[in-house]
Amino acid sequence: MTRIILIGFMGSGKTTLGRALAKSLGLEFIDLDNYIELRRCKSINSIFAEMGEEGFRTIERNLLHEVCEFENVIISAGGGTPCFFDNIDYMNAQGTTVYLQVPEERLHERLKIAKSKRPLLKEKNDEEIMQFIKEQLERRDVFYKKAAHTFISDRLEDKEQIKESVERFRKQFDL
Ligand code: S3P
């Protein structure tokens, strides 16, 4: 039974790599944010707006426990998922956790053009996003580093790079 759980900062490629990897391995792909939106019939932005971050984190934890029961899946967690409650220990117990590590400049490049669906970023300008990345990475690193493995995820910028990253991932983890 395969259950790989991808963690890492927003923009680290959890969804992009996870989807491509699942396709290549013939596994199901579950994106936790997407699962939350479907189960709650609401966007992540609306959940944050209506219930605050605290409400979102409770929902996130509860639904993490649902998706981590699924078998033969690649799961992409949200960027904050490992950093609340005992989520990282729980994920480590349920599957093979992989931290997708990306230099902060590359995260910035990716996030400044993909902020509208991300409540923690959408009101920020480019400079504030960089500041947020630096501050949060420093705080979150300790949780991300608890993953069983690390994969350098800085090359996902086009189809060719995604294909190469999938191959490199499969080789690294003997899949
Ligand atoms: C968050 C990351 C988002 C989403 C929410 C909060 C975070 O997921 O769960 O906006 O705290 O880093 P992605 O990493 O998939 O963008």
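A residue counts here as buried when its relative accessible area is under 20%, as exposed when over 50%, and as partly exposed in between (1.4 Å probe, protein chains only).

These legends go with a predicted model, in which local features need pLDDT of at least 70, side-chain atom pairs count only at pLDDT 80 or more, and totals for chains, interfaces and linings use all residues. Residues are numbered from 1 along each chain as its sequence is written, and side-chain values use heavy atoms, with hydrogens and water left out.

**View 1. Y90 sits in helix α4.** This helix spans residues 87-94; helices (H or I, at least four residues) and strands (E, at least two) are DSSP runs, numbered from the N terminus. Y90 counts as buried because its relative accessibility is 14%.

**View 2. Here are the neighbours of Y90.** Beyond the residues within four places in sequence, Y90 is in contact (heavy atoms within 4.5 Å) with L64, H65, C68 and E69. At 3.5 Å, the Y90 side chain reaches the backbone oxygen of H65.

View 3. The C-alpha atoms fill a box of roughly 40 × 35 × 30 Å along the principal axes. Of the 175 residues, 45% count as buried.

Definitions and conventions
A polar contact is a pair of N or O atoms within 3.5 Å; within protein, one must be able to donate a hydrogen and the other to accept it, and residues adjacent in sequence count only if both atoms are side-chain atoms.
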